[in-house]
Amino acid sequence: MTVHELIRSSAADMAAKLAAGDITSVELVQAHLDRIAAVDGGERGVNAFLHVNAEEALAVAADVDARRAAGEELHELAGVPIAVKDLIVTKGQPTTAGSKILEGWMSPYDATVVKKLRAARMPILGKTNLDEFAMGSSTEHSAYGPTRNPWDLDRIPGGSGGGSAAAVAAFEAPLALGTDTGGSIRQPGAVTGTVGVKPTYGAVSRYGAIAMASSLDQIGPVSRTVLDSALLQEVIGGHDPQDSTSLTDPSTGLADAARLGNVAGMKIGIIKELHGEGYQAGVENRFNESLELLRGAGAEIVEVSCPNFGYALGAYYLIMPSEASSNLAKFDGVRFGMRALPAEGPLTIERVMAATRAAGFGDEVKRRIILGTYALSAGYYDAYYGSAQKVRTLIQRDFAAAFEQVDVLISPTAPTTAFKLGEKLNDPLAMYLNDVATIPANMAGVPGLTLPGGLADEDGLPVGIQLLAPAREDARLYRVGAVLESLLEAQWGGPILDRAPSLAETPAVEPVETQGTAATAAAKEAN
Amino acid sequence: MSTETLVGFEEAMEKYDPVLGFEVHVELNTKTKMFSSAPNVFGDEPNTNVNEVCLGLPGVLPVVNRKAVESSILIGLALNCKIAEHCTFARKQYFYPDTPKNFQTSQYEDPICYDGWLDIELEDGTVFRVEIERAHMEEDAGKLTHMGGATGRIQGADYSLVDYNRSGVPLVEIVTKPIEGAGSRAPELAKAYVAAVREIVKNLGVSDARMERGNVRCDANVSLRPHGAEKFGTRTETKNVNSLRAVENAVKFEIQRHAAVLDSGVEITQETRHWHEDTKSTTSGRPKSDADDYRYFPEPDLVPIVTTAEWVEELRSRLPEPPAERRKRLQADWGYTDLEFRDVVNAGLMDEIEETVTAGATAAAARKWWMGEIARRAKLADVDPAALGVSPAVVVEIEKLIASGAINDKLARKVLDGVLEGEGTPAEVVAKRGLAVVSDDGALQKAIDEALAAQPDVAEKIRGGKVQAVGAIVGGVMKVTRGQADAARVRELILATLGVEG
Amino acid sequence: MAAINRGQVAHLAQLAHIEMSDDELDRMAKELAVIVDSVKSVSEAAGADVPATSHPIPLTNVMREDVVGHVLTAEEALSGAPDSADGRFKVPAILEES
């Protein structure tokens, strides 16, 4: 098997080949580092990675190979490499959150999910690009330049987790971690033809994920197949005593659900409010096609109404900025990160904090901080934050009513396919609308999965299908998702990514626009 | 630095009626912090009792310390508060470099304890009931040291240094309702209230309650209104009032300052003021730009605390006897006069005397030793009597040696010296120093015979019936035996020798 | 609900400790006015009888025992600090020279 073929297979297949001794983890990690070096850097590179962790990844891989050779029993995914969204803190690698304010910051501690990856001995390839502090739907708000969509390098890879989705779509990593506050795992998954899951709120520890909106944030898996996401969620999920909102449910049975292979007799609900008007024709077509396939597999498709979903976007844009304005207050140039001095006038701590935050935060972050400060300020709290929390109750009631009728809900993941870089950058409201279908799940804490539903007729770009399940029923997503995936792949004759244009493999001669030159170093190692 | 005009206190009281309010912050003595497992220890090297949570590094999350919650409930119960069945945490948002997250995790709408009261006994026995509005849980800030200024003050400093060891230490903030009707006793009541709170939290064992370390800190609110007025005047909040005397002085100062401002026809500015121990005055605090809008909202990273009746009752069963009741009981048990008892309390020796009595001494003997010899030696050594190194068991043993006639009072003081010099238990000191009373009648008889022979005129007087003259002979015998004789026995033997009835 | 104006944005920027130029304030006021307008329906969506939801999955009494966990060294604590001295974080003066 060639390296080229190796990196295109699923994480489960890679794990099987490692276990069988067909390949070594060092070979596998090196193949991915080579791929990163070949497609990530340069002017037209994907720019999925902000930092490449070549040395440590290879060391972990070598250790896994040695242990395997010694007959040690290893985790199923041991030796399978993974990329980590740069919102999640890691020892030994910088964590920037895509912001200048954290440029070069090294965390003295690991996020809980990172500890779990290390415990499973999964080599970490590096840190992936994102909209600054995960605020955006295009990765264009990264302080380190946008990530490009591997399907069309002039288009956005979605956001905020565009780096993780693009890395997986471009075969730079078989797996990645994302975070999802309003769709930051699922919307990039949709526009890059990959799989992504926002688990039930509390199913995966948030400890070490730099908070945007604490009551909405959730870490989840990014992959090319439904089974791979299930395997990864089993690694990262489970109770964490360091996260007070962490559930005590065990993180098991997800891969089994993905392997179950039938949906006969299941009731699947179409959400009336989440398709039709405002959704691109090609998106609608692929969505209807998936419904037909599920019906053909024995599922019962019904329509349900969630009348309060119409308020979800508005309520989200009050709750999210309110919590974000508070969570981002700590970035003040005192304990960590950059410090900027005021251009003129007296040098007091207040003015230094204000100058630091002015220089360190980008426009979108400032916009949300000001909006959140407004929504929480005296005299406005009840009308804004208070009302938005009530809407949250209404959305939960809508979900509860819907799940009395059906086992899972289904909708398009995003209303459109990937748009052009720059197209919506100066229209915040148009940008926010990308998340209209993904936000309700965050508001209610329920799990959501996106998987590729095919390509839109009008532009040939990937369309995402979203599945939603009741809280703590993540397994249902994997069960239905895997069945739909196999039906679609049978129809396509292979994975959707087989139809993506191949990226020009050029050695990165120019340094990637990051704080480090690790990608360049990896390129040199590869040559 | 104080250029404030003041009105005499009595003059102020003639015109105005003070209304007080207190916010007392109590640092709990848990092993770890409120929301992080970093140690809660005073006085260590800067930034060595921190982890990523109390430093507020990116990505961290808080987890509530169960012990701190239970300590808070205990404080609430001791203050006769209701305990909330359901309460939440909230973020209080303001930027300050001692506050790592630039918000303080606190409680806002639903404090864990509310609607309590505390009866405060003033020196003359007057009892004043202070109503408690709430007691809520929160976290302490780090410690700023201002450098480059002349006095270590924030004014004129070139820069400041921050130590986050204290950041996240659990606090309970106890807030009173407005206290009306204290009149001219307001300063005294202020001191007595803070003293009572300090005593309660110390007695509960939930705080070290050392004001000099900031374990108990008081913000005092003062306003004045003309006599007969219903409406409260504009208040000021004086911070940094960190000793009992300072509480009294600060309240008195603010009353006098308010009166002067009001007398001049100017309105009081609602503001924070800082107490300065050196000048015994307050100055206007830093006007915080965000002080008017803390943007409180429910802490999304923490979940509500729900208290069951079983939990609260289990905690109530752990409550020690309230300090005021304990004092009443002990005074009655010991039979001390008011003056004697107050001296014991002021000397801080109530616990020691109680232990000594429990260990078997009489109340009178316990007081005699602790308030007498031990207090005297402590004063010479410039330490607290309790810290001198004399245990209640030592006092009890010395008393027993006296009662058995093995030693007398004079020897007992030498025994105490020996104990303090580390020579062992009182019995060991007696043995090592050879301090036992001479009780060998033969040896005594020899000394008596010599003494009688040396003073034949006195011997004659005694024979003649002047029994009181025996003291001179006893003194002579005691001198010869260097105090080691039992004076009563000596007296008996002298009278027997002379054939006189005692 | 009143529309958001430039003066308010200036006040909010002060509360949020973000220095903003006049141009930025103007631009931010315009953008926020549009966003605020688009979310205003939220205040009319739910009646007074609807309770607020602060946490998506309700939990209570998540507490830890009072046991000391890991501690950073002063070097680790200060490792990311923009400025430090004597084992402490160093910040500019808090008050302006007067």
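What percentage of the 527 residues of chain A count as buried?

1. Buried residues make up 67% of the 527 in chain A; a residue is buried if 20 or more other C-beta atoms, placed from the backbone, lie within 10 Å of its own. This is a predicted model, in which local features need pLDDT of at least 70 and side-chain atom pairs count only at pLDDT 80 or more, while totals for chains, interfaces and linings use all residues. Residues are numbered from 1 along each chain as its sequence is written, with chains lettered from A and ligands numbered from 1 in the order in which they are written.

2. Chain A contains 18 helices and 11 strands (DSSP runs numbered from the N terminus: H or I, at least four residues, for helices; E, at least two, for strands).

3. Chain C puts 49 residues in contact with 62 residues of chain A (C-beta atoms, placed from the backbone, within 7 Å). Helix 2 of chain C gives the largest share of the side that touches chain A, 7 residues.

4. The domain assignment of chain B gives domain 1 (9-316), domain 2 (323-426) and domain 3 (441-498); such bounds come from an automatic or database assignment. The C-alpha centres of domain 1 and domain 3 of chain B are 69 Å apart.

Key. Buried ≥ 20, exposed ≤ 12 C-beta atoms within 10 Å, placed from the backbone. Contact = placed C-beta atoms within 7 Å.
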